[in-house]
Amino acid sequence: MAILKIARMGHPILRRKAAPIPDPGAPEVRRLVADMLETMEDAQGTGLAAPQVHVPWRLVVFYVSGERAAREAGNPAAEGGAEPADDGVPLTVLINPVIELLGEETALGWEACLSLPGLAGQVPRYTAIRYRGLDLDGREIVREARGFHARVVQHECDHLDGILYPQRMTDLSTLAFTSELARKVDDEADPSAPEE
Ligand code: NI
């Protein structure tokens, strides 16, 4: 296993549309997933998409602890309204994912990204989705997700289409360095945005 270098905003790999993986169980896919999981853990990220580690494949990994989900859910800095409480998301490897919307409702919430280190911004996302994809054994995963779980999946899958979260923002005035946001802790909630 290895800790991989993460591409930062501006690198062309992050603007490319990634290609489907024909054989989810292939040894090179397993190796990449092992390295991505190690890289995500090392960077304390919530999720990671293959293009972020310079591989143009449709593959994402993510994990949300119950503690983190609860913190994000109750975050009043999300002006679109607090997202529903969530029990977290199991460690998931999702190959060739597809997202289906379960409604038109969106909510604002803080996001960060390992490809934009030190920054965070408020991003509107659909609050309810169904997603499907394959695991490393080629079995289909189908899940419904709401709130922060749905946000993480939308953020990660955007990477596969060459989209970074600032491109989804409707108010760029909320784009900020997290170290500066920390100054507001006294009079506002700590956004403690997750790195994805
Ligand atoms: Ni990201």
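1. Basis. The model is predicted: local features need pLDDT of at least 70, side-chain atom pairs count only at pLDDT 80 or more, and totals for chains, interfaces and linings use all residues. Residues are numbered from 1 along each chain as its sequence is written, and side-chain values use heavy atoms, with hydrogens and water left out. Helices (H or I, at least four residues) and strands (E, at least two) are DSSP runs numbered from the N terminus.

2. Strand β2. Two strands pair if DSSP finds at least two bridges between them. β1 and β2 run antiparallel and are joined by three bridges; L48 stands opposite V61 of β2. β2 also pairs with β3 (residues 89–101), again in the antiparallel sense, over five bridges, and here V64 stands opposite V89. Five of the six residues of β2 are buried, so the strand is largely enclosed by the rest of the structure. Buried means under 20% relative accessible area, exposed over 50%, and partly exposed in between (1.4 Å probe, protein chains only).

3. Nonpolar cores. A nonpolar core is a set of buried Ala, Val, Leu, Ile, Met, Phe, Trp, Tyr and Cys residues joined through side-chain atoms within 4.5 Å. The largest has 18 residues, of which V60, F62, V64, L94, I129, Y131 and V153 touch the most other members. At least two residues of this core come from each of β2, β3, β6 (128–134), β7 (140–146) and α3 (147–160). The largest share, six residues, is supplied by α3. Apart from this core lies another, of 17 residues, among them L32, M40, V93 and L114.

4. Contacts of V60. Contact means heavy atoms within 4.5 Å. Not counting residues up to four places away in sequence, V60 touches L48, A49, T92, V93, L94, E156, C157 and L160.

5. The aromatic pair. The structure holds one aromatic pair. The ring centres of F62 and Y131 are 6.0 Å apart and the planes lie at 75°, so the pair is edge-to-face. Rings of Phe, Tyr and Trp (its six-membered ring) pair if their centres lie within 6.5 Å; planes under 30 degrees apart count as stacked, over 60 as edge-to-face and the rest as tilted. Because F62 is in strand β2 and Y131 in strand β6, the pair ties together parts that are 69 residues apart in sequence. F62 is buried, with a relative accessible area of 0%, and Y131 also counts as buried at 0%.

6. Helix α1. This helix (residues 27–42) has 16 residues and reaches 23 Å from its first C-alpha to its last, close to the 22 Å expected at 1.5 Å a residue. The expected span is 1.5 Å times one less than the number of residues. Buried residues in α1 are V29, L32, V33, D35, M36, T39 and M40; their cover includes β1, β2 and β3. Q44 follows the helix and has a positive phi, near 55°.

7. Residue Q52. Q52 sits in the loop between β1 (47–49) and β2 (59–64). Its relative accessible area is 0%, so Q52 is buried. Leaving aside neighbours within four places in sequence, Q52 has contacts that include K5, L14, C113, E156, H159 and E196.

8. The open sheet. Three strands form an open sheet in the order β4-β5-β8, with antiparallel pairing. β4 (106–111) and β8 (176–177) are the edge strands, each pairing on one side only. Two bridges join β5 (residues 119–126) to β8, and L119 stands opposite F177.
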